[in-house]
Amino acid sequence: MKLLYFAWVRERVGKPEEEIDPPPNVRTIGELMAWLSRRGEEYAYAFENAKVIRAAIDHAHVKPDTAIAGAREIAFFPPMTGG
Amino acid sequence: MAVRLQREDFDIGAEIAELTQGRTDIGAVATFTGVCRADNEGHRIEAMTLEHYPGMAEAEILRHVEEAQARWPLFGVTVIHRYGRLVPGDNVVLVVATSSHREAAFAAAEFLMDYLKTRAPFWKKEERAGAAGWVEARQADDAAAQRWRQAGRRPGAAE
């Protein structure tokens with residue numbers, strides 16, 4: 001699946017997007033964040049306060065307990081500040 | 001219904017004309033324009049850069065335009081949100097809503113702005129005297145969006 005990062009999440013991870021293939025025991029958005037945060041210092045920094053990070057699956061907002069099965073594109077970003 | 005994301009400025013008069021020309025059933029046009037301010041909580045802002053999530057931003061705004069149409073009797077809605085680098089005085093966002101009467105037009109424009117602030121995937125990075133930082137989300141904006149979910153707070157409701 002494709003991961004996208006925005007704003008300070010993107011800056012901390014150090015890239016705007018990447019393809020990943022998480023193991024089958026990573027089933028939800030929350031578990032995916034925990035798995036990502038173990039991939040390296042930059043990920044640990046980006047996801048150190050996972051509670052504030054928002055997520056979207058295929059262009060729709062989702063909660064941390066949402067299953068990631070079947071997702072094509074998952075995005076992680078800070079609370080939004082548009083308007 | 002039109003939702004546009006663009007780097008360029010917009011012309012408010014032209015956007016109103018787009019919704020009203022050739023029609024005689026519109027009695028109310030409400031517009032809201034968000035403008036880049038030179039200060040934020042006492043700090044002087046030199047510029048800001050708006051980042052967005054292409055694809056989701058359009059989809060999320062469109063979902064809320066459809067919800068506004070379901071809640072209020074609207075003839076037309078236009079939402080334009082700019083991205084890229086903006087300086088104080090620049091237009092940032094435009095909402096135009098047309099209806100027979102003012103209640104629906106005002107309410108729809110306010111509803112859409114409250115949701116744009118909290119649900120549309122845009123992020124502002126401010127430039128202040130040599131430093132740059134991401135703007136933090138405001139709880140007041142969450143509260144403004146939340147009040148539309150409370151029973152009994154449905155100004156100009158269609159029913």
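Of the 83 residues of chain A, 28% count as buried, a residue being buried if 20 or more other C-beta atoms lie within 10 Å of its own, exposed if 12 or fewer, and partly exposed in between, with C-beta atoms placed from the backbone. The structure is a predicted model, in which local features need pLDDT of at least 70 and side-chain atom pairs count only at pLDDT 80 or more, whereas totals for chains, interfaces and linings use all residues. Residues are numbered from 1 along each chain as its sequence is written, while chains are lettered from A and ligands numbered from 1 in the order in which they are written. The predictor assigns the complex an ipTM of 0.95 and a pTM of 0.91. For chain B the average pLDDT (the predictor's confidence in each residue, from 0 to 100) is 92, and 94% of the residues score at least 70.

Chain A contains three helices and five strands, where helices (H or I, at least four residues) and strands (E, at least two) are DSSP runs numbered from the N terminus. Along the sequence these elements follow the pattern β-α-β-α-α-β-β-β. The radius of gyration of chain A, taken over C-alpha atoms, is 12 Å, close to the 12 Å given for 83 residues by the globule rule (2.2 Å times the number of residues to the power 0.38), so chain A is as compact as a globular protein of that length. Along the principal axes, its C-alpha atoms fill a box of roughly 35 × 30 × 20 Å. Among the contacts in chain A with a separation of 6 or more, 53% involve residues 24 or more positions apart; two residues are in contact if their C-beta atoms, placed from the backbone, lie within 7 Å.

Most residues other than glycine have a negative phi. In chain A, A:Ala7 has a positive phi of about 55 degrees; this residue belongs to helix α1 (residues 7–13) and counts as buried because it has 23 C-beta neighbours inside 10 Å. A positive phi, of about 75 degrees, is also found at A:His59, in the loop between β3 (54–57) and β4 (60–62) of chain A. With 18 other C-beta atoms within 10 Å, A:His59 is partly exposed.

The contact between the chains takes 14 residues from chain A and 22 residues from chain B. On the side of chain A that touches chain B, the elements giving two or more residues are α1 and β5 (73–77) of chain A. This side comprises nine nonpolar, five polar and no charged residues, with Ala, Val, Leu, Ile, Met, Phe, Trp, Tyr, Cys and Pro counted as nonpolar, Asp, Glu, Lys and Arg as charged, and the others, Gly among them, as polar.

In chain B, eight of the nine residues of strand β8 (residues 91–99) are buried, so this strand is largely enclosed by the rest of the structure. Strand β2 (residues 28–35) of chain B runs antiparallel to β8(B) and is joined to it by eight bridges; two strands pair if DSSP finds at least two bridges between them. Within this arrangement, B:Thr33 stands opposite B:Leu94. Strand β6 (residues 74–82) of chain B pairs with β8(B) in the antiparallel sense over seven bridges, and B:Val77 stands opposite B:Ala97.

Four strands of chain B form an open antiparallel sheet in the order β7-β5-β9-β10. Its edge strands, each pairing on one side only, are β7 (84–86) and β10 (131–134). Strand β9 (residues 122–128) of chain B pairs with β10(B) over four bridges, B:Glu127 having B:Ala132 as its bridge partner.
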